[in-house]
Structure formats: C-alpha cells, structure tokens
Amino acid sequence: MTLLSQQNNSQLSGVVTSKDAPLQNIAVYIENTTYSTETDAEGKYVLALPPGKYNITSGGQGYKRRTFAIELKEEENKKLNIELSENSPKELEEVIVVGKSAIQEVRESAYNVVALDAKSLYNSTLDLGHMLDKASGVKIRETGGVGSNMSISLNGFTGRHIKLFMDGVPMAGFGSAFQLNNIPVGVASRIEVYKGVVPIEFGADAIGGAINIVTNQTSNTFLDASYSYGSFNTHKSNVSLGHTTKSGFTVQLNAFQNYSDNSYKVKAPILDLKTSVMDPTKEHWVKRFHDTYHNETIMLKIGFVNKSWADRLLFGITLGKEYADIQHANEMKIVYGKRYRTGSTILPSLTYEKKNLVVKDLNLRFTANYNRNYNRNYDTANRKYNWLGDYVETNHLGESQYSLAKFYNDNFSSTTNLSYAVNEKHTFFINNVLTGYERKNNDKVAVAEIGSTLDTMRRANLKDILGLSYRYRHNDKWNTNLFGKYYYQKVIGPVDVSTVTGHTKYEERTKTFKTKGMGLATTYFLKDIQFKASVEKAYRMPTDTELFGDEVTERGNSSLKGENSMNYNLGVTMNKQLTKHTFYVDVNLYYRDTKDYIMRLVEQRYGNGEYINHGKVQNKGIDAEIRYYYKNKFMLGGNVTYQDMRDKERYEASSTKSSKPSLTYNDKMKNVPYFFGNAEAAYYMHDLWGKSNVLSLGYNFNFMHQFYLQWPSLGSKETKSVIPHQLSHDISLTYSLKNGRYNVSVEARNLTNTLLYDNYGLQKPGRSFSIKLRYFFMKRHNKSNRNRNETTQTEETTQPEEK
C-alpha cells in the first residue's frame, strides 16, 4: 500500500447488506492502517482517506469476511457496496480488531492470545471480570458480591501474577474502584488474553500472562445508555457517547456507577457474645447486614484523530470514588458491624500515536498517566459483632485494629513503543515501560494516636522494563518473534529487623533489583489448522500491595524477592468453516518452573492476608475450548482447564538442607483451583414480531472441582478445610428491537441457589435476578474531510476486484 498524500481528501462509502437487507454494526476497515468504521442502522459506512491503493475488509459476527483491492484518486468519491453471506459467528479468537490492527495481525500472532468480543455482551449485566471468566484457562475468584475483592487465575497463576492493561496502559495503580468486576462490559470493545509469554509491547513483568482491555475507539457519533436493577437492591448504570468532527476533533465519554446492599443470605456459625464461644459445626442462614457498596466513575477523552501530525492525540481524565462497608475479615468467622473504607481517584492521561513517523513504516506510540488515589479507613468502634447483628462493648478501640488512617497512593506510568518494518519480512520493536508508586500517610493525628513509627515510613516502588523484539515473517504460513527484556526495580519501605521472637522493630530500607529475560514465539499455519509454540525466561517483581499491603485487610512485606520462571507453551487451533456450519477447537499445553514463588497467607487472629517467598513451584496444565455454530441461529460451546501445580521446595525455608525436609514437598499447591470450566449455548430468533428484531435465549453452566485450603498432606482427611465441588447455572433472555436500538434483557444467575465459594468460607451471592434496559444510537459521518477550495468530486461505482 502506498500513501500519496497525508490529506484525507478522498472518500469511500457504500452500503453493507446480506440478502438485500442492510446490516448494522458491521466493521469496515483498511488493512494495516488505523482507518476503520462501522455501519449504521441503514447499513451505510463512510471512510475519509488519503488517495492511494488499499485493501478494504468488511465482516462481523454471523457473516463471512470479504476483502477488496481498491484505488482512490485525488478528491475522488468512490462507492463500494458490499454483500456479505451468512456464516457462523466468528470465534472468540477471531473477533475483528478495529482501530488497532487488521484481524490478520491477531490471528497470525505467534503468541497464545485469545480475544473476547465484548460487543456481543452489551445487553447483559456482566462486568469485565465475569466476561473474562468465559475464556479458557481463566478463573475469576471473588470474595463476595458487588465491589468485593477480585483476583484472576490464569493457567494456575493467580492475582498479581497476571498483569492488567487498558489500551496497553498498566492498570496496577488505577485503584480499587476500577477493578474489573466494577467496570461494565460496555466500556470495552474486546479483551485480549495473553497466556504465558507476553509481547514486549506491554512491558509486563508477568509470569502468568497479561490481559489487555481495548476500549471503544470508533470515530462515529454514538450514544449507548443502560440501566439495570437486580436482587439485593443492586443498581447499575452506564452512559457512553462519542463524536468526531470533520476536522478530526474527537470527544469520548464513559460514565458508570454500581450500587448494592449485598444483602444476600449466607450460612455461618453464630458467636455467643456472652461466652465468646463459636461452634463451627452449627451454621445458620443469616443476612449480610453491613456490606453496602457503591462506586461512581467518569472517563473523558478529547483530542484529534487522523491528522497529518498525529493519528491519535488524546488527553484524558478519569475521576472515581467509592464507599465500601467491611462485613468481615478474610475469614467469615470474624464479623464487623461498623468498619468501612472510602476512596477517590484522579487520573489524567495522554496518548499519542503516529504511523510513518519521519520515514515510512516507522511507527510511534506513547502513553502517560498520573494517578492519585486518596483512601481512608475507619475502624474506631469498641464493639464485637456476630452474624445476627448483635454486639457487645469491648475495652479497646477498633473492631480489628484501631484506624482513622488517611493516605495517598501516587502512581505514574509511561509507555513508549517504536516499531520499524524494514520490509514485509523483517520488523523491529523497542518498548519501555516506566512505573512508579508512593504511599503517604496524611493523618498525623491518627498516627499519633496509634503511636507507631511504622506508619510514618516511606513506601515507594519504581519499576522500569525495557524490551527489544525482532519479528521474522517468512510468509503467510510462518512467522517468529525473538525478544529480550531488561528489568529494574527500586523499593523503599519498612523492614522488620528484630531478632527477638514475638517482637517487631522496623527500619526504613532501600533495595534494588535488576536482571534480564528473553524468549521466542513462533506459529505455523496448515490450511485450517494453526500451530503455536513459545518459551520465555520471565521475571515478576513484587507489586505495591504485596510490598506494602492495602491498609485494610492486607499486610505488606517489603523484603520480598522477585519471582523468576521458565515458561513453555504449545498450542493448536482448528477453525473449519462449511456452508452453514463452523467448528472451532483450541488446545493449549503449558509448563512453568518457578522459583521464589510469592504466596499469600491468611493469619488466624485478625484474618489479615500477608505475603511470603515460598520457593520453587512447578505447574503443568492443559486447557481446551470447542465451539459449534449453525449459521447465525445457534451456538454451543465450552472450555475446560486442568492444571497440576506442585510444591517443589524440598526443604523448609527456616532450616538447613541437611536437617529438615519439607513435609509438603510435591504436594499440590494449597488454595489453588485445578479443575474447572464452563459451557454455554445460545439460540437466536430473527425478525420476531418485526423486521430487524431479534430474540436471543442464553444458558451458561459453570463447574469447579473441590480443592484444599491448606496442604493436602497435612492433617486428617476428615478435618481438612475444603473449597467444595460446585455447579451453577445461569439463563438469560434478550429482545432487541429496531436493529438493536432498543434492548431489554432478563437474567437469572445461580438458578439452583447453590452455595458458591471462590475462597474458603467466603460465600458468594445465591440465586439472583436482574433486568436491564439499553438504548443505542449511532450516526454515520456522511462527508469526507475535504479542502475548503474543493470544487468537484468524481464517483466510482464499479465493483473492485475481490481478494
């Protein structure tokens, strides 16, 4: 493709149809560029382009993709009407990538990546966390209902072993109000899940994988508004809107809120407040009485797109706040009735992208953000509660540990990515990600009352990850990536230097860490089958929470060492499309050999979490996904994951190698799910009670095999704590009118009211119902960006050659 001018003074437009009926929300994009759009309610699309030769591709869920070769001349207005044939919906790994790259770049990537299409779930009440739970190899673990703590398990690694990104920007410092189970699915266009080996473009120190949320970046004028109401007095609303002018000025706004009483019933033992005795064998159904949660967030971006000096220049601001009652500690036997926390977030950001910078095929992407989280924890009541809501007065302040702490978390992040394509076969990449964190206590009175110098000590964490990569693309069948990473970390924080058992003495210490990693990823296509293989020597440095805690229920350990791991991955994918049927099968094998594994523990007295370097851990696993589609009427699919993650530390950490062998050597790792999966089915009835109306019925099934909270080899089988075997069922019904402009959905989750646990003793909500109303409007830009002195245009209606 050759660009003859940087001015978008030519136009390509037309209508996308199937069986003479217009198609809405169908992607139309120019391959290997940032030019893309979607069809409106009448099937129309418009692209303002510089003159040149292009490959234009169109396709969408339920329709077979088509690609055409076209040529646009100066000030030409060309018409291209596209007729698509019905097919099955594209598999999750084949969603059309709009705004970042053509679909071929994702499919032909050598990395083991799955792309989840968020648009098909816009009518559901799902958040991004529960959407992610549908991917193979992924298990979402929550501690309760709306707003509860959430961690992600990917190929056996959990929580902070997995790195999160939004549009390629690290989310580590975004704050608790912005975790995935608080973000509505409508914010995203898709989610990319990288299993194991992670491209250098993300600059991630991850050994488990990475997840990238790609937000809606369309240049159309649109409005998407929704509201849902559900059990336990749960309210969720979301408004998204965007507009781009002819001059390239663009505005994008996302606003959402969540509220819930979280007043679902749990089965728990009751503490006798008079005797302070609790019989764990006698459990009663009780309602949660102190678990209200709400958060509000606004995300605004303004700037320019498709200019000669920038493909994208966006200035953003994210504002958020939250309130959360704290019902219990990390164990439900410890109940609170007055403890709560509040927080707020201010996050300004900058994004700049430019292709063909200075020279052809030299591309630059730069992002930067600064985030200040203000948090306050309240624990002042001299009370002890039980699950009935009763309490007695105590002789000490605080239900757990007295706190009126106010503190700021300051985070910054910058990502610089340069790529240069020497030719079609050889491409080089360089990427640098710099992140920083510092926590400051802002309440001198609270510190004085507590009387601890620990809270006055600095807590700071600086990371820099530099990556270099080379991609060799031999042909359309085979490509390979070689890469290397340089890691640097500097930590300042309190360290317990006491040598007396039962006593603590903290000093502020500074330590640095630097090392190198490298890897390879390759893929080969054989007709309908794709083979993938990758290997990486990876490192993960401790996160802010692991180092410094969260000032609520997590304690930090600033003397933690970073983890290192050898990661191996093999995968095969089959995608077979017939006239009316599509079959998709994906199987992945992985092996991880990890040292200095960081493990989370829960201490018994106060139920707080803390972190230690356990030692050597080995993980072998397999995940598989299979799906079947019949035209655009029926879908049936599912996935399953099995992993064998074992303790390979032969000797106890506190002993010498000659004296005390570890009793848990070769045990399965405690508190890690190892066998789980889900299945789903959907049926679509088109033109029901009106043209372009669709009624869809959905069913989802989840299962998880039981696993031990503690080491399997310790204790008797009868007394071991077990997270039980679980099965749950969800159903949904959605009716869309007027080509998706008006939508109403009804959902039932955990239909059989099963006791569900992701973590030991922390019960999730039972049966719940919800209804969602959604309105969607989109207007196509009907004119190209023409010069003011433009006087004539020519039209071309000849059908171009299809590739």
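This is a predicted model: local features need pLDDT of at least 70, side-chain atom pairs count only at pLDDT 80 or more; totals for chains, interfaces and linings use all residues.
Colleague: Which residue of S13 is the bridge partner of serine 153?
Modeller: Strand S12 (residues 150-154) pairs with S13 in the antiparallel sense, over 2 bridges. Strands of a sheet pair through backbone hydrogen bonds, either parallel or antiparallel. For serine 153, the bridge partner in S13 is threonine 158.

Colleague: How many helices and how many strands does the protein chain hold, and what share of its residues is buried?
Modeller: The secondary structure of the protein chain comes to 4 helices and 49 strands. Among contacts between residues at least 6 apart in sequence, 67% join residues at least 24 apart. Of the 803 residues in the chain, the buried share is 54%.

Colleague: Which residues touch the most other members of the largest nonpolar core?
Modeller: Strands S11 and S12 are among the elements that give two or more residues to this core, as are helix H2 (128-132), strand S16 (188-195) and strand S36 (581-602). Apart from it lies another core, of 19 residues, which includes Tyr45, Leu47, Leu49 and Ile70. In the largest core, which has 43 residues, those that touch the most other members are Leu128, Leu132, Leu180, Ile183 and Ile191.

Colleague: Which residues does isoleucine 183 touch, if those up to four places away in sequence are not counted?
Modeller: Isoleucine 183 is one of the residues that touch the most other members of the largest nonpolar core. Not counting residues up to four places away in sequence, the residues that isoleucine 183 touches are Asp127, Leu128, Met166, Met171, Phe178 and Phe256.

Colleague: Which residue takes a positive phi in the hairpin of S19 and S20?
Modeller: S19 and strand S20 (residues 249-260) run antiparallel and are joined by 10 bridges, with glycine 242 standing opposite glutamine 252 in S20. The hairpin has 4 residues between the strands, and the residue with a positive phi, near 100°, is glycine 248.

Colleague: Which residue in S23 stands opposite valine 251?
Modeller: S20 also pairs with strand S23 (residues 293-307), in the antiparallel sense and over 12 bridges. Opposite valine 251, the residue in S23 is isoleucine 302.

Colleague: Where does asparagine 233 lie, and what is its phi?
Modeller: Asparagine 233 is placed in the loop between strand S18 (221-230) and strand S19 (234-244), and at 28% relative accessibility it counts as partly exposed. Although asparagine 233 is not a glycine, it has a positive phi of about 55°.

Colleague: Is serine 768 buried or exposed?
Modeller: Serine 768 is placed in strand S47 (residues 768-779). Leaving aside neighbours within four places in sequence, serine 768 is in contact with Ser231, Phe232, Glu747, Ala748 and Arg749. Its relative accessible area is 16%, and because the cut-off lies at 20%, serine 768 counts as buried.

Colleague: Why is the pair of tyrosine 472 and tryptophan 478 classed as it is?
Modeller: The structure holds 25 aromatic pairs. In this one, the ring centres of tyrosine 472 and tryptophan 478 lie 5.7 Å apart and the planes stand at 75°. Because an angle over 60 degrees is what the class requires, the pair is edge-to-face.

Colleague: Which strands are linked by the aromatic pair of phenylalanine 675 and phenylalanine 703?
Modeller: These two rings form an edge-to-face pair, 5.2 Å centre to centre and with 75° between the planes. Phenylalanine 675 counts as partly exposed at 29% relative accessibility, whereas phenylalanine 703 is buried, at 17%. The partners are 28 residues apart, and the strands that they link are S39 (residues 675-686) and S40 (residues 694-704).

Colleague: Which lysine lies over the face of tyrosine 674?
Modeller: Tyr674 belongs to one aromatic cluster with Tyr642, Phe675, Phe701 and Phe703. At 3.5 Å from the ring centre of tyrosine 674, the residue over its face is lysine 668.

Definitions and conventions:
Residues are numbered from 1 along each chain as its sequence is written. Side-chain values use heavy atoms; hydrogens and water are left out. Buried means under 20% relative accessible area, exposed over 50%, partly exposed in between (1.4 Å probe, protein chains only). Contact means heavy atoms within 4.5 Å. Rings of Phe, Tyr and Trp (its six-membered ring) pair if their centres lie within 6.5 Å; planes under 30 degrees apart count as stacked, over 60 as edge-to-face and the rest as tilted. A charge sits over a ring if NZ of Lys or CZ of Arg is within 6 Å of the ring centre and within 35 degrees of the ring normal. Two strands pair if DSSP finds at least two bridges between them. A nonpolar core is a set of buried Ala, Val, Leu, Ile, Met, Phe, Trp, Tyr and Cys residues joined through side-chain atoms within 4.5 Å.
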